[in-house]
Amino acid sequence: MRITSTSCICPVLVCLCFVQRCYGAAHHGSIKVTRNQTKHVEGETEVHHRPKRGWVWNQFFVLEEHMGPDPQYVGKLHSNSDKGDGSVKYILTGEGAGTIFIIDDTTGDIHSTKSLDREQKTHYVLHAQAIDRRTNKPLEPESEFIIKVQDINDNAPKFTDGPYIVTVPEMSEMGTSVLQVTATDADDPTYGNSARVVYSILQGQPYFSVDPKTGVIRTALHNMDREAREHYSVVIQAKDMAGQVGGLSGSTTVNITLTDVNDNPPRFPQKHYQLYVPESAQVGSAVGKIKANDADTGSNADMKYTIINGDGSGVFSISTDKETREGILSLKKPLNYEKKKSYTLNIEGANTHLDFRFSHLGPFKDVTMLKIIVGDVDEPPLFTMPSYVMEVYENAKIGTAVGTVTAQDPDTANNLVRYIIDHNTEEDRYFTIDASTGTIKTAKIFDREETPWYNITVTASEIGKYSQEIHVPVGVRILDINDNPPELAREYDVVVCENAKPGQVIQTITATDKDNSANGARFHFFLDEGRSLNPNFTLRDNEDNTASILTRRKKYSRTTQDMYYLPVLISDGGVPSLSSSTTLTIKVCACERDGRVRTCHAEAFLSSAGLSTGALIAILLCVVILLAIVVLFITLRRNKKEPLIISEEDVRENVVTYDDEGGGEEDTEAFDIAALRNPSAAEELKYRRDVRPEVKPMPRHHTSTSLDSIDVQEFIKQRLAEADLDPSVPPYDSLQTYAYEGHRSEAGSISSLDSATTHSDQDYNYLEDWGPEFKTLAELYGEIESERTT
């Protein structure tokens with residue numbers, strides 16, 4: 001196969017390109033290369049017997065961005081089998097075949113139908129094959145070839161990171177690197193100068209320069225001052241084709257800011273200042289401000305103010321406000337116009353952050369002088385002391401002088417002062433003050449033991465100028481005098497044991513005095529001398545403000561005397577000395593051998609019979625338990641309940657209890673109930689055997705006859721008369737019951753007393769049909785019937 005190309009770029013095809021360019025016009029742009037031949041310059045051929053393929057492989061080139069009206073010719077494919085009769089058909093496949101690249105299937109000419117962009121795709125891989133048009137059988141094996149897109153300068157350099165913002169310190173050396181910029185070109189860097197970029201500066205000279213090859217921006221001047229100019233805008237251009245005419249270019253902006261360094265010392269705008277401060281200014285308050293200017297910024301402008309000398313350095317102080325960088329002047333001591341009317345201060349302002357590279361521009365500090373004028377102010381009076389403490393004795397007479405306060409007008413006029421006491425509390429009313437002299441006097445009689453200290457407030461003001469006043473606290477201490485006698489510190493319960501020995505200490509007493517220690521710290525104890533010598537007890541002064549009570553004898557007995565009284569006299573050491581008398585009560589008690597008190601009461605004498613305290617407690621506990629048992633038994637008896645239903649075997653309907661005791665089994669005639677039930681059964685009148693009757697009994701036959709002939713009413717009257725006339729009845733009221741029921745009925749008795757032992761066959765189920773009123777009765781008889789059945 002023969003392949004013809006329109007390019008001579010590839011070194012492999014140098015000879016082919018040469019022949020094509022020399023003879024292309026005569027042979028219509030094609031070179032015939034047969035399968036076993038090689039074309040020579042002289043036109044001769046040399047036959048080789050080694051067989052070769054029918055394809056000759058090569059690369060094709062096509063220019064990018066082709067803008068012509070006709071498709072761009074790329075090259076030609078030709079097979080050795082092609083005799084020119086149209087029997088060979090060329091087929092093109094691969095990338096872009098049929099869309100971008102088309103082939104004439106008869107001649108093998110390849111054309112590009114579209115404009116190509118190398119920056120999008122650099123080459124295309126295609127496959128070519130020659131087949132027989134009639135049989136569609138391949139005449140040659142399929143061959144692969146490449147079509148490369150040839151680059152042209154169609155892309156300008158670009159700065160992908162711009163615009164730039166960068167800083168550089170002021171006062172930097174010339175040539176200090178600021179920033180390196182880089183531009184990129186999308187053209188082929190291996191082909192020509194399309195991607196070869198050079199840099200230049202369009203704006204920013206003469207302050208900055210740029211390296212044409214590396215793009216490094218540098219300072220171009222010495223000592224660039226931020227205070228003169230702070231911001232710069234530099235425009236950098238990048239141009240391809242090595243900067244030649246016709247090359248494409250792009251530009252970017254670099255914003256450069258000079259950062260501050262401490263190259264400017266602080267300076268006070270003036271060398272002399274004057275400040276007015278009134279003498280009434282409060283200590284610690286700010287009285288003025290001062291500031292030194294610094295052209296630097298940030299920490300480079302920080303400074304500190306100090307007072308380096310002057311007669312006011314001990315009266316004033318200065319501090320620095322970090323926000324405003326001002327010096328704040330404050331008052332350390334109060335001002336007094338009458339004593340000093342002006343002060344002079346030398347104030348220094350110095351930077352706190354120094355850069356020694358610029359020390360030759362210093363010194364980085366400045367000094368100014370400040371004159372302070374003290375202003376005269378109408379001031380209130382001043383007391384000679386900030387507070388007063390005075391003393392007065394208790395019980396002093398009303399009007400006694402306590403002390404004097406003094407105040408003066410500090411102004412030049414020296415006006416007179418008026419004094420008053422502020423009556424804000426009740427204590428202020430206990431004193432008076434002379435309005436002119438300030439002398440304080442008492443207004444009541446004081447008792448130190450009641451209130452030992454008083455606080456009052458005195459106010460001083462200029463006469464005629466009551467708005468200018470001042471206050472001072474005054475404390476009054478009430479001094480003590482010996483006006484309170486000593487007394488026992490507490491009430492004592494003095495006990496002496498029955499088995500005490502002579503000289504035994506049974507109690508130690510002490511005393512107290514409402515006066516202070518200067519008037520009664522030393523106490524003296526002794527028995528009342530007005531009494532005769534006490535034979536039972538004595539008192540010993542321990543000379544330490546205590547005294548001991550001692551026994552004089554032994555064997556004290558409660559049965560003889562259970563209580564003694566001991567008069568004690570106590571005196572203090574004040575001037576004059578005061579004393580008081582008190583009587584101690586001493587109880588006689590039974591004690592254990594070790595001295596512990598067992599009891600002091602008379603009922604405890606039972607213990608001498610041999611019963612100890614533990615035994616008495618045990619007996620008392622037993623008695624309490626017995627009483628509890630009895631109470632419990634009685635409570636249970638009262639709470640015991642009778643059964644609600646009486647057994648059917650109990651034939652009693654009514655139970656009557658009689659507390660009449662008879663004469664036993666031998667007493668068969670004490671009471672004959674048959675006579676009460678049936679008058680005919682009483683054959684004769686019977687009298688009691690325990691009492692001799694004084695009335696003769698009636699004849700027997702008469703009694704029997706009368707009983708048969710009288711009725712029940714007459715019988716009862718007769719019995720009543722006999723009871724009334726019987727002299728042998730007891731001398732108290734008695735009840736005799738007559739329960740005569742008459743003669744026996746033919747139908748028999750209807751009482752249930754005789755039917756207890758027999759069982760009735762009557763059915764009480766009909767009671768359930770009588771309604772709810774008989775429900776309980778039906779249930780009762782139903783239960784009885786069921787029990788009988790069971």
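User: Which residue does Cys497 join in a disulfide?

Analyst: This is a predicted model. The cut-off for a disulfide is a pair of cysteine sulfur atoms within 2.5 Å. Here the S to S distance is 2.0 Å, and the partner of Cys497 is Cys591.

User: How far apart in sequence are the parts that Cys497 and Cys591 tie together?

Analyst: Cys497 sits in strand β33, residues 494-497. Cys591 belongs to strand β39, residues 579-591. The parts tied together are therefore separated in sequence by 94 residues.

User: Is the disulfide of Cys497 and Cys591 left-handed or right-handed?

Analyst: Look at the torsion about the S-S bond. For Cys497 and Cys591 that torsion is about -85 degrees, so the disulfide is left-handed.

User: What is the S to S distance between Cys589 and Cys600?

Analyst: A pair counts as a disulfide when its sulfur atoms are within 2.5 Å. Cys589 and Cys600 are joined by a disulfide, with S to S at 1.6 Å.

User: Where does Cys600 lie?

Analyst: Its partner Cys589 is in strand β39. The pair ties together parts 11 residues apart in sequence. Cys600 itself lies in the loop between β40 (597-599) and α2 (613-639).

User: Is Cys600 buried or exposed, or partly exposed?

Analyst: Buried means under 20% relative accessible area, and exposed means over 50%. Cys600 has 29% relative accessibility, so Cys600 counts as partly exposed.

User: What pattern do the disulfides of the chain follow?

Analyst: The count comes to 2 disulfides. Bonded cysteines are counted along the chain, and the pattern is 1-3, 2-4.

Conventions
Residues are numbered from 1 along each chain as its sequence is written. This is a predicted model: local features need pLDDT of at least 70, side-chain atom pairs count only at pLDDT 80 or more; totals for chains, interfaces and linings use all residues. Side-chain values use heavy atoms; hydrogens and water are left out. Helices (H or I, at least four residues) and strands (E, at least two) are DSSP runs, numbered from the N terminus. Buried means under 20% relative accessible area, exposed over 50%, partly exposed in between (1.4 Å probe, protein chains only).
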